[in-house]
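Subject: Structure handover

Hi,

Here's the structure I said I'd pass on.

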Protein chains: 2
Amino acid sequence: MNNFIFYSPTEFVFGKATEMQVGALSKKHGAQKVMIVYGGGSVVRSGLLDRVKHALQEAGVLFCEMGGVQPNPIDTKVYEGIEMCRREQADLLLAVGGGSVVDTAKAIAAGVPYKGDFWDFFIGKGQIEAAVKVAVVLTIPAAGSEGSGNSVITRVDGLQKLGISAPELLRPVFSIMNPELTYTLPAFQTACGVADMMAHLMERYFTNTTDVEISDRLCEGVLLAIINEAPKVIESPEDYGARANLMWSGMVAHNGTCGVGREEDWATHFMEHEVSAIYGVTHGAGLAVIFPAWMTWMVEHNVRRIAQYAIRVWGVQSSEDEKSVALEGICRLKSFFKSIGLPVNFKELGIAKPDIDRLVENLHRNKGERIGNYVKLSSQDTTEIYRLACAEE
Amino acid sequence: MNNFIFYSPTEFVFGKATEMQVGALSKKHGAQKVMIVYGGGSVVRSGLLDRVKHALQEAGVLFCEMGGVQPNPIDTKVYEGIEMCRREQADLLLAVGGGSVVDTAKAIAAGVPYKGDFWDFFIGKGQIEAAVKVAVVLTIPAAGSEGSGNSVITRVDGLQKLGISAPELLRPVFSIMNPELTYTLPAFQTACGVADMMAHLMERYFTNTTDVEISDRLCEGVLLAIINEAPKVIESPEDYGARANLMWSGMVAHNGTCGVGREEDWATHFMEHEVSAIYGVTHGAGLAVIFPAWMTWMVEHNVRRIAQYAIRVWGVQSSEDEKSVALEGICRLKSFFKSIGLPVNFKELGIAKPDIDRLVENLHRNKGERIGNYVKLSSQDTTEIYRLACAEE
């Protein structure tokens, strides 16, 4: 097991009607003026934004607001937010929404005290040394950004989708998680969230540091819970217990709980980022296409843990023929994705003929000559994986 | 799923040689003068105490020290510590040791700013509203106190062993966890630690809030990891990977990660506290005796989750006859305890004829007429369970 630091000081307030505590929590965490960041209509239409404002008012906390954050959030919105936050002198960025909104708030938080261009952090030109506090009222369980210190932003000019990580500065000080707020999430968006949280666990699971049994078992446990609960939510969108299980699983999947003490992979995430940067697809849907393809390629190149995953997560019968075991596990994963309405190849994702050369070129230009850890992938390897993702059954 | 707050802001620094960071971490968390709390000879003999002092000196952090904390820590040591901490004006209590040392440091931390008797907190006469900061260099993985906001202290006068919980004030600000420091832990102490951490998971597992699949799966996962790693450590005390898995499992088992959103049980812990208060046995050894007896009683009174536990944790074949399934699971748990050198009845614990009447009387006087949640136990029930714990195979 590798040395590690695990430091997750976010206060998670979970359950029914918890958004009403946003004023008291903002105050408790030292806020005097909150800048609310949100996306589009649903937060307004549902009345959530009004409830949040009301709770802030009741607690005597001032606020300003910036809406209009879009899925696959972009840098121009971050620049706008940095300017507003400085002008309004807000000391807490309150993201009300899903991962895109939270990631935008985090990028603003890092950018406000920085003299240069916030994009420097994303291309390794600058180090985050200070940040405005971030807090969350979560409406979409998927990205896990409510518990992580990460942010992913797309630069419009050049279509670079890149990430930053600054756990000590960008983890939210508090995250309010009310599963009822996810009742109205459409089935497809719910399923995309499921794929995203599963991917966060699988990126941590496929590692060559194989002596960390505790992290294996935690990953497997959360995967088993998600696999059990997701179909219930697709079937009955207002099943509180199932929504609650999924919402908490999404946090646990990405705040580090399931990944200590070893190297992680993340090649699939990087490969997907290029797909959504060019084609604008939902991140989770893209992952549902790329992850099985990545695993299929791994059967021929590093099968061991794909087989362990097949046995422990999908209940495949153990056998000496590890490749068959692994392939059966991948088959069950794809069946599961299909059963909750997700695509498992490019065509189903709505991309009849992906421009693989361009994807591979962007990928390695943005993320380096070799990507991932479980096997370090060259451009020839990633080309093969993108091709596997085209395969129809 | 019940509403909950999960707030675990401890910075865990895990791995080889991490104790050398204690000075820098104390400074980072605002300490100017540290009061080191420790137990007996081993911390001195191993040179750990010297290394800690050296690291504090190097970082320019002042310190004072109080040794002599014993297993099943007592109130008199807490009074002594409170006095010293006030006199020395220490602003960080650094526990160097296992659960007893950490619990003593926490009780001191709560007592220092309080005008009354610190024991008020343990008998519900006073509320903890402030505390000195606590930090840990852990040497025994077992109690999970390095990640929790709890403390258990025994009052010498009257032999009351009681606990407090103040997560926001008593969780350590940082915990240093170097698995190498546990190499010299004798096999029996190691096994007692294993029973303690398993008990922390099982107290959370046996609940009537049955819709929290994510907490079930997390508990099961950590149990599976512990069951896999413990025999390796008993066999090879210097197996770094196995020691590391156990050490981290002990933290995860008790910082709340595995128990959100539902009522927990804790009857077994309460029943064991009376045993170690009177007979001075090691907490984990007492738990290894009481827990299987408690489960055996439950087979006749609320079998459902004992059966689920048997299937998911011990791999018992599922069947319509839940009682048989549950009993087989209990049998495997006892075999496991025996295989790592633990007692599974009072006689093996060294108590040939326990004074059950006295245990039951103390238990219900200290903890109330009914204890536990999975089934709320009367004095007749707990008498039966203590009797079951006498049964030899």
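Predicted model: local features only at pLDDT ≥ 70, side-chain atom pairs only at ≥ 80, totals over all residues.

I'd begin with the open sheet, which is built from 12 strands with mixed pairing. The order is β3(A)-β2(A)-β4(A)-β5(A)-β8(A)-β1(A)-β1(B)-β8(B)-β5(B)-β4(B)-β2(B)-β3(B), so if you follow the list you pass from chain A into chain B at the step from β1(A) to β1(B). At the edges stand β3 (62–66) of chain A and β3 (62–66) of chain B; each has a single partner strand, so one side of each is left without a neighbour in the sheet. Ignoring direction, neighbouring strands are turned by 25° against each other on average.

**A strand worth a click: β4(A)**

Strand β4 of chain A covers residues 92–97 and is mostly covered itself, with six of its six residues buried. How do its side chains point? L92(A), L94(A) and V96(A) go one way, while L93(A), A95(A) and G97(A) go the other way, and all are buried.

Which strands does β4(A) pair with? One is β2(A), residues 33–38, in the parallel sense over five bridges. In that pairing, V34(A) has L92(A) as its bridge partner. Another is β5(A), residues 133–138, also in the parallel sense, over six bridges. There, L94(A) stands opposite A135(A), and G97(A) stands opposite L138(A).

**Helices lying on the sheet**

Over in chain B, helix α4 (residues 75–88) lies across β2, β3 and β4 of that chain, and runs at about 160° to β3(B). Helix α10 of chain B (residues 240–252) lies across strands from both chains: β1 of chain A, together with β1, β5 and β8 of chain B. Its angle to β1(B) is about 150°.

H283(A) sits in helix α12 of chain A, which spans residues 283–299. Is H283(A) buried or exposed? Its relative accessibility is 16%, and because the cut-off for buried is under 20%, H283(A) counts as buried. Leaving aside residues up to four places away in sequence, H283(A) touches D196(A), H269(A), E272(A) and H273(A).

The crossing is right-handed. On the α11(A) side you'll find A267(A), T268(A), H269(A), M271(A), E272(A), H273(A) and V275(A), and they meet H283(A), G286(A), L287(A), I290(A), F291(A) and W294(A) of α12(A). By class, that contact divides into seven nonpolar, five polar and one charged residue.

**Two helix pairs in chain B**

First up, α12(B) (residues 283–299) and α16(B) (residues 379–388). Their axes come within 8 Å and cross at roughly 125°, so α12(B) is oblique to α16(B). This crossing is right-handed too. I290(B), A293(B), W294(B), T296(B) and W297(B) of α12(B) make the contact with D381(B), E384(B), I385(B), Y386(B) and L388(B) of α16(B). Sorted by class, the contact has seven nonpolar, one polar and two charged residues.

Then there's α8(B) (residues 187–205) with α13(B) (residues 304–314). Here the axes come within 11 Å and cross at roughly 135°, so α8(B) is oblique to α13(B), and the crossing is right-handed. M198(B), M202(B) and Y205(B) come from α8(B), and R305(B), Q308(B), Y309(B), R312(B) and W314(B) from α13(B). That gives five nonpolar, one polar and two charged residues in the contact.

Cheers

Definitions and conventions
Residues numbered from 1 in each chain as written. Chains lettered and ligands numbered in written order. Heavy atoms only, no water. Buried < 20%, exposed > 50% of the residue type's maximum accessible area, 1.4 Å probe, protein only. Helix = DSSP H or I, 4+ residues; strand = E, 2+ residues; numbered from the N terminus. Pairing = 2+ DSSP bridges. Axes fitted to C-alpha atoms, helices over the stretch in contact; angles between N-to-C directions. Parallel < 35°, antiparallel > 145°, perpendicular 65-115°, else oblique. Left-handed = near helix turned anticlockwise from the far one by under 90°. Contact = heavy atoms within 4.5 Å. Nonpolar A, V, L, I, M, F, W, Y, C, P; charged D, E, K, R; others polar.
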